[in-house]
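Colleague: Could you take me through this model feature by feature, giving the general idea before each case?
Modeller: Gladly; let us begin with the sequence and structure themselves.

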Amino acid sequence: MTDSTDSTDSTDTAALDAEDRKIVTLARSARARNGVAEGAAVRDETGRTYVAGTVALESLKLSALRTAVAMAVASGATSLEAAAVVSAAETLADEDRAAVRDLGGPETPVFLAGPDGTLRLRVTAG
């Protein structure tokens, strides 16, 4: 379940380290709590996390991941260590990976998990 730019296909959430499992859990919680299509969480260079859900206003539409990245930037983050999305989608949008890449760089890991928390995809932002 990877595309040509992805180096890892791992669907074992247990294979993630504790901090990466944490952002998957936070993303899952945001999705469930807010009743939105996606939940996302990012971890910045200091270990702080930013959690968001899909924004679907008439005048503003943002994916959960782009919202979480924007929250990190607005809070003064200068880089990202990792990002996670929980969604029914099978792939990540190019725009979502680009937002992570813009702040964290091309090697920043991005995890996509299903609504049950099962890891579907592990890629880099690049």
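**Reading the surroundings of a residue**

Modeller: Leaving out residues up to four places away in sequence, Y50 touches A40, A41, V42, D44, A68, M71, A72, S75 and A77, where contact means heavy atoms within 4.5 Å. This is a predicted model, in which local features need pLDDT of at least 70 and side-chain atom pairs count only at pLDDT 80 or more, while totals for chains, interfaces and linings use all residues. Residues are numbered from 1 along each chain as its sequence is written, and side-chain values use heavy atoms, with hydrogens and water left out.

Colleague: In which strand is the place of Y50, and is Y50 buried or exposed?

Modeller: Y50 is in strand β2, residues 49-53; helices (H or I, at least four residues) and strands (E, at least two) are DSSP runs, numbered from the N terminus. Buried means under 20% relative accessible area, exposed over 50%, and partly exposed in between, with a 1.4 Å probe and protein chains only. Y50 is buried, at a relative accessible area of 8%. The C-alpha atoms of Y50 and M71 are separated by 6.5 Å, although the two residues are 21 apart along the chain.

Colleague: With which side chain does the side chain of Y50 make a polar contact?

Modeller: A polar contact is a pair of N or O atoms within 3.5 Å; within protein, one must be able to donate a hydrogen and the other to accept it, and residues adjacent in sequence count only if both atoms are side-chain atoms. Here the partner of the Y50 side chain is the side chain of D44, at 2.9 Å. D44 also forms a salt bridge with R48, with the closest N and O atoms 2.9 Å apart. D44 is buried, with a relative accessible area of 0%, whereas R48 is partly exposed at 37%.

Colleague: How should I read salt bridges, and how many does a search of the whole structure find?

Modeller: Side chains of opposite charge can pair when their charged atoms come close. The criterion is a side-chain nitrogen of Lys or Arg within 4 Å of a carboxyl oxygen of Asp or Glu, and the search of the whole structure finds 5 such bridges. One of them joins the side chains of R66 and D96, at 2.7 Å from N to O. That pair links distant parts of the chain, with R66 in helix α2 and D96 in helix α3, 30 residues apart. R66 counts as partly exposed at 28% relative accessibility, while D96 counts as buried at 3%.

Modeller: Another joins R120 to E90, the closest N and O atoms being 3.7 Å apart. Because R120 lies in strand β7 and E90 in the loop between β5 and α3, the pair ties together parts that are 30 residues apart in sequence. R120 counts as buried at 18% relative accessibility, and E90 as partly exposed at 44%. Salt bridges that share partners also join D20, R43 and E81 into one network.

Colleague: How do I read the pairing of the strands, and how many bridges join β5 to β6?

Modeller: Two strands pair if DSSP finds at least two bridges between them. Strand β5 (residues 80-87) runs parallel to β6, and 4 bridges join them; A84 has F111 of β6 as its bridge partner. Strand β7 (residues 119-124) pairs with β6 in the antiparallel sense over 5 bridges, and there L112 is partnered by L121 of β7. The hairpin of β6 and β7 has 5 residues between the strands, and in this hairpin G117 takes a positive phi near 90 degrees.

Colleague: What do β5, helix α3 and β6 make together?

Modeller: A crossover is right-handed if, with the strands pointing away from the viewer, the path from the first strand over the helix to the second runs clockwise. β5, α3 (residues 94-104) and β6 make a right-handed β-α-β unit. Of the 5 residues in β6 (residues 109-113), 4 are buried.

Colleague: Which residues have the most contacts inside the largest nonpolar core?

Modeller: In soluble globular proteins, nonpolar side chains tend to be buried together. A nonpolar core is a set of buried Ala, Val, Leu, Ile, Met, Phe, Trp, Tyr and Cys residues joined through side-chain atoms within 4.5 Å. The largest one has 22 residues, and V42, L65, V69, V100 and V110 have the most contacts inside it. At least two residues of this core come from each of β1 (38-44), β2, α2, β5, α3, β6 and β7, with α2 giving the most, 5 residues.
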